[in-house]
Amino acid sequence: MNLEQILTRLAQIKEDIEKRGAELGAADMDALEAEIKELTEKRDALIKDNEKRAQLLGSLSDGGATVVRSFASPTPVQPQGNGMEADGDPYSTMEYRKAFMSHVLKGEPIPAEYRADAITKTTDIGSIIPTEVLNKIVEKIEAVGMILPLVTKTAYKGGLVIPTSTVKPVATWISEGAKSDKQKKSMGDNITFAYHKLRCAVAVTLEVDTMSLSVFETTLINNVVEAMIKKLEESIISGDGSGKPKGILTEAPESGQKINSSKPSYQDLIDAEAALPIEYETGAVWCMTKKTFMAYFGITDATGQPIGRVNYGIAGKPERFLLGRPVVVCNYLDSFAPTLAAGKAFAFLFNFADYVLNANYQMGVKKYEDNDTDDQITRAVMLVDGKVVDKNSLVIIAKKA
């Protein structure tokens with residue numbers, strides 16, 4: 001076999017191990033190991049011969065300045081004597097991948113030279129997954145991004161006072177030649193957006209940033225942005241307005257628009273729909289946790305049909321409804337439970353367009369290095385405030401005392 005054929009066969013073995021790694025038995029692994037050993041020895045010998053020929057030709061041409069390509073293949077071949085791949089990553093070598101597979105399947109220890117703490121001096125990394133086998137960081141998924149797209153977003157300058165109208169003109173029927181009363185359009189309360197600074201910074205040691213997977217930086221930035229979105233959505237629902245936006249549930253609903261319930265029932269939905277003014281029906285949606293929704297979903301009418309509905313859109317995403325009204329599920333308010341404190345809200349009706357989130361400094365992600373520790377810092381900052389501008393669409397269902 002020439003060098004090109006050997007490299008082709010090694011690539012085939014590599015692909016076979018990646019696809020069938022968990023299915024390979026002990027006999028298969030031993031056979032592959034023997035074949036790999038034989039091929040790598042032949043490969044190293046041929047590479048050595050090629051290097052010698054190149055050196056001889058180089059010494060005969062202009063003092064060795066001429067670059068001579070490999071005779072075996074037009075593709076430049078890198079020496080493999082140091083156990084490294086061409087990119088210098090020790091975790092992409094066939095040797096480490098074999099050791100990692102043996103560690104997972106047989107429980108054999110990772111060789112000392114490949115252990116994370118031996119290279120990075122950091123004890124909380126554990127076994128490093130081979131680069132070529134897995135180029136992804138798997139993390140716990142958190143539910144974010146359900147509320148933020150629904151609210152009204154603005155970019156007013158902080159400190160700006162926005163008036164709200166409390167009186168609307170009323171038309172009157174008049175007889176021929178008569179005049180109608182002149183009505184003054186008055187301004188009532190004012191809404192002022194403040195400066196609330198939301199910040200998330202994550203420090204990563206230089207060693208970990210250098211030795212971890214190639215997608216680490218992108219994943220880290222996504223985590224920071226996700227953390228910011230989670231805090232924003234949490235404040236939209238339940239923020240107290242002190243150093244953060246004021247949430248929907250901290251608003252006192254209009255008279256008659258708070259329903260007290262001892263447990264989820266069909267009557268809750270009837271009372272809430274009755275309390276919602278007809279002028280605010282359009283756009284109002286239910287908001288509750290998934291657990292609370294399932295409690296309502298399990299209620300049946302007189303014919304035994306469930307009052308809730310779950311449809312599936314074009315992409316297969318669940319679309320939830322109660323009495324024909326959409327339901328937004330989130331984790332930013334309490335689920336109903338017998339131990340829930342009296343007066344605590346566990347569901348509400350609201351038109352999220354009536355909540356204004358003002359960000360006069362949009363989220364920006366910045367990277368820098370701490371000169372004292374060499375830590376790589378990823379930081380995101382934004383200035384934001386939010387308030388309910390019209391609470392007439394708000395109907396709250398709370399735990400009855």
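This dialogue covers how to read salt bridges in a predicted model.

Reader: What kind of model is this, and how are its residues numbered?

Author: The model is predicted: local features need pLDDT of at least 70, side-chain atom pairs count only at pLDDT 80 or more, and totals for chains, interfaces and linings use all residues. Residues are numbered from 1 along each chain as its sequence is written, and side-chain values use heavy atoms, with hydrogens and water left out.

Reader: What counts as a salt bridge, and how many are found in the whole structure?

Author: The term needs a side-chain nitrogen of Lys or Arg within 4 Å of a carboxyl oxygen of Asp or Glu. The search of the whole structure gives 8 salt bridges. One of them joins the side chains of E35 and R9, at 2.7 Å from N to O.

Reader: Which parts does the pair E35 and R9 tie together?

Author: Helices are DSSP runs of H or I, at least four residues, numbered from the N terminus. E35 sits in helix α2 (residues 26-59) and R9 in helix α1 (residues 3-20), so the pair links parts 26 residues apart in sequence.

Reader: Where do E234 and K231 lie?

Author: Both belong to helix α6 (residues 216-238), 3 residues apart, about one turn of the helix.

Reader: Is D385 buried or exposed?

Author: Buried means under 20% relative accessible area, exposed over 50%, and partly exposed in between (1.4 Å probe, protein chains only). D385 is buried, at 1%. Its salt-bridge partner is K387, with the closest N and O atoms 3.0 Å apart; K387 is partly exposed, at 22%.

How values were computed
Helices (H or I, at least four residues) and strands (E, at least two) are DSSP runs, numbered from the N terminus.
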